[in-house]
Amino acid sequence: MSSVRPADAAGTPGLGPNRSGATPRSPFDIEQGLTAVRSFLPCATPEAWVAAAMGHLDILLLDHANCERKAAATAVSLLFRYERVPGLPERMSRLAREELRHYEQVLAILARRKVGLRPVTASRYAGGLRELVRASEPDRLVDLLLCGALVEARSCERFAALLPVLEPDLARFYRRLLVSEARHFEDYLLLADTVATVEEVAQRLLLFKQREAELITSPDAQFRFHSGLPGGEQLAAR
Ligand SMILES: [Fe+2]
Ligand SMILES: [Fe+2]
């Protein structure tokens, strides 16, 4: 564990300059944020996934709603478990509120489009990353924060990838969301930087990024918001 740092630019205790590429910015610059997100991720979303998304828009939105509420639940669970980590409760509380707001917004879009809520099974993505999370503390916290950073960064990158092909009202919505997700990516990385050494963050990121790239670029039978390369079977996606 590294020592606690002075307040960061946003006044959050314990968070100083980061070591993983996340830079606090205000006001948020979309292009700069996207550049940081893309350089952090191990690979770009395959074009084939973007094309598949257009053929599975209902599933995309339903799974997106699931992702938002899961993101809120993850943040709440972290602030319950790690309330004493400097800066964590403040950042996770704000993040959870934003994710629930996103959830409500996706629900409103689904209602407008007359898409009924129905269960959509989880993609392999989050579970695939979580398999690498170490069980003992403080290793577990470091790994959970790095997983969080990757999930948020990928969400942000996917929103950006969808913008050119989405109908205008959805594109406007996703453009707003990608700004939030870029900030969430930074929140997680900044927290990881406060609880682990430079070497540990670099070493764990290498492992998680390798797994993330596999999940994004290998054939995936299901189409979901975080699914991999579209496979043949997904034409029958429910
Ligand atoms: Fe969100
Ligand atoms: Fe988020």
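**Exercise 1. Find which residues Ala149 touches, leaving out those up to four places away in sequence.**

*Solution.* Start at Ala149 in this predicted model and look for its contacts beyond four places in sequence: they are Phe185, Tyr188, Leu189 and Ala192. Together with Leu145 and Ala192, Ala149 is among the residues with the most contacts inside the largest nonpolar core, a set of 54 residues. Then ask where the core residues come from. The largest share, 14 residues, comes from H6. As a general background, nonpolar side chains in soluble globular proteins tend to be buried together.

**Exercise 2. Work out which residues of H1 are buried, and where they sit around the axis.**

*Solution.* First, list the buried residues of H1: Gly33, Ala36, Val37 and Phe40. They span an arc of only 95° around the axis, so they lie on the same side of H1. Finally, see what the buried residues of H1 pack against: H6 and H7.

**Exercise 3. Describe how H3 and H4 pack.**

*Solution.* Begin with the angle, which is about 160°, and the spacing of the axes, which is 8 Å. An angle over 145 degrees counts as roughly antiparallel, and therefore H3 is roughly antiparallel to H4. To finish, note the handedness: H3 passes H4 in a left-handed crossing.

**Exercise 4. Decide whether Ala122 is buried, exposed or partly exposed.**

*Solution.* Locate Ala122 in the loop between H4 and H5. Count the other C-beta atoms within 10 Å: there are 14, so Ala122 is partly exposed. Now compare sequence with space. Ala122 and Asp63 are 59 residues apart in sequence, yet their C-alpha atoms are 7.8 Å apart.

**Exercise 5. Summarise the chain as a whole.**

*Solution.* Count the elements: eight helices and two strands. Along the sequence they follow the pattern α-α-α-α-α-α-α-α-β-β. Then consider burial: of the 238 residues, 40% count as buried. Last, take the contacts with a separation of 6 or more; residues 24 or more positions apart account for 71% of them.

Conventions:
Residues are numbered from 1 along each chain as its sequence is written. Chains are lettered from A and ligands numbered from 1 in the order in which they are written. This is a predicted model: local features need pLDDT of at least 70, side-chain atom pairs count only at pLDDT 80 or more; totals for chains, interfaces and linings use all residues. A nonpolar core is a set of buried Ala, Val, Leu, Ile, Met, Phe, Trp, Tyr and Cys residues joined through C-beta atoms within 7 Å. A residue is buried if 20 or more other C-beta atoms lie within 10 Å of its own, exposed if 12 or fewer, and partly exposed in between; C-beta atoms are placed from the backbone. Helices (H or I, at least four residues) and strands (E, at least two) are DSSP runs, numbered from the N terminus. Two residues are in contact if their C-beta atoms, placed from the backbone, lie within 7 Å. The arc is that of the directions from the helix axis to the C-beta atoms. Axes are lines fitted to C-alpha atoms, for helices over the stretch in contact, and angles run from 0 to 180 degrees between N-to-C directions. Angles under 35 degrees count as roughly parallel, over 145 as roughly antiparallel, 65 to 115 as roughly perpendicular and the rest as oblique. A crossing is left-handed if the near helix is turned anticlockwise from the far one by less than a right angle, and right-handed if clockwise.
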